[in-house]
Amino acid sequence: MADSGCAVTSIAIGISCSGTGVTVENFDAKALIDTLNANSCFTGTGAIYWGCRGIQEIAPSVSLVGTYNPGSSSATKELVESQDPNNTFVLLHFVNSAHPRGHYVVYTSTEGDYFVTKDPAGGVVSKVLISQVDQVVVYSY
């Protein structure tokens with residue numbers, strides 16, 4: 001899994017909070033990683049293939065809508081807020097001084113210039129400056 005820990009955990013959070021039917025018993029971390037590994041969901045450097053088949057094995061109704069690099073804060077905010085929380089979940093990648101290599105979180109809402117997120121690092125709610133987000137990953141369910 002190498003450098004994909006926060007990405008994989010964010011996918012797990014998205015799936016478990018979406019109300020989708022999960023097929024891996026108890027949705028435990030080992031079963032998740034085993035399923036992703038069995039479906040070749042990681043690149044040679046350990047990054048995740050966002051649309052890999054293993055995700056559908058875990059949650060059959062979940063599929064990748066797309067990955068986006070909007071380029072500006074306004075475009076990022078518009079893209080994220082245009083997603084329907086009743087049938088999508090959104091992962092955000094950002095870089096800042098606390099995460100110089102980048103970090104993935106799960107979007108929950110917007111407060112001014114910040115996205116409110118579920119952070120896989122410690123399972124806490126955190127705020128991310130919209131201007132720091134450089135990638136948006138959207139899944140439908």
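**Sheet, helices and side-chain links in a predicted model**

In helix α2 (residues 29-38), K30 and D34 sit four residues apart, about one turn of the helix. The model in which they are found is a predicted one. The side chains of K30 and D34 meet in a salt bridge, with 2.6 Å from N to O. K30 counts as exposed because its relative accessibility is 58%, whereas D34, with a relative accessible area of 37%, is partly exposed.

The salt bridges come to three in number. Another of them joins the side chains of E57 and R53, at 3.1 Å from N to O. Helix α3 (residues 53-58) holds both E57 and R53, and because they are four residues apart, about one helical turn separates them. R53 has a relative accessibility of 54% and so counts as exposed; E57 has a relative accessible area of 36% and is partly exposed.

A salt bridge also links K127 and E111, whose side chains meet at 2.6 Å from N to O. Here K127 belongs to strand β5 (residues 124-129) and E111 to strand β3 (residues 99-111), so the pair ties together parts that are 16 residues apart in sequence. K127 is exposed, at 52% relative accessibility, and E111 is partly exposed, at 41%.

The strands come next. Six of them make up an open sheet, arranged in the order β1-β6-β2-β3-β4-β5 with antiparallel pairing. At the edges are β1 and β5, each of which pairs on one side only. On average, and with direction ignored, neighbouring strands of this sheet are turned by 35 degrees against each other.

Where does strand β6 (residues 133-140) stand in terms of burial? The strand is mostly covered, with six of its eight residues buried. Strand β1 (residues 63-68) runs antiparallel to β6 and is joined to β6 by five bridges; in this pairing, Y68 stands opposite V136 of β6. Strand β2 (residues 88-96) is likewise antiparallel to β6, and seven bridges join the two. F89 stands opposite Y139 of β6. Moving on along the sheet, β2 and β3 are antiparallel and joined by five bridges, and F94 is found opposite H103 in β3.

Helix α1 (residues 5-18) lies across β2, β3, β4 and β6, and runs at about 15 degrees to β3. In helix α4 (residues 73-81), the buried residues are T76, L79 and V80. Viewed down the axis of α4, these buried residues fall within an arc of 95 degrees, so they line one face of the helix. They pack against β1, β2, β3, β4 (114-119) and β6. S74 and E78, on the other side of α4, are exposed.

Finally, the cysteines. How many disulfides does a search of the whole structure find? The search finds one disulfide, formed by C41 and C52, whose sulfur atoms are 2.2 Å apart. The link of C41 and C52 is right-handed, with 95 degrees about the S-S bond. Both cysteines lie in the loop between α2 and α3, 11 residues apart. C41 and C52 are each buried.

A disulfide needs the two sulfur atoms within 2.5 Å. C6 is buried, at 17% relative accessibility. C17 is in no disulfide either, as the nearest cysteine sulfur, that of C6, is 16 Å away. With a relative accessibility of 49%, C17 counts as partly exposed.

Conventions
Residues are numbered from 1 along each chain as its sequence is written. This is a predicted model: local features need pLDDT of at least 70, side-chain atom pairs count only at pLDDT 80 or more; totals for chains, interfaces and linings use all residues. Side-chain values use heavy atoms; hydrogens and water are left out. A salt bridge is a side-chain nitrogen of Lys or Arg within 4 Å of a carboxyl oxygen of Asp or Glu. Buried means under 20% relative accessible area, exposed over 50%, partly exposed in between (1.4 Å probe, protein chains only). Two strands pair if DSSP finds at least two bridges between them. The arc is that of the directions from the helix axis to the C-beta atoms. Contact means heavy atoms within 4.5 Å. Axes are lines fitted to C-alpha atoms, for helices over the stretch in contact, and angles run from 0 to 180 degrees between N-to-C directions.
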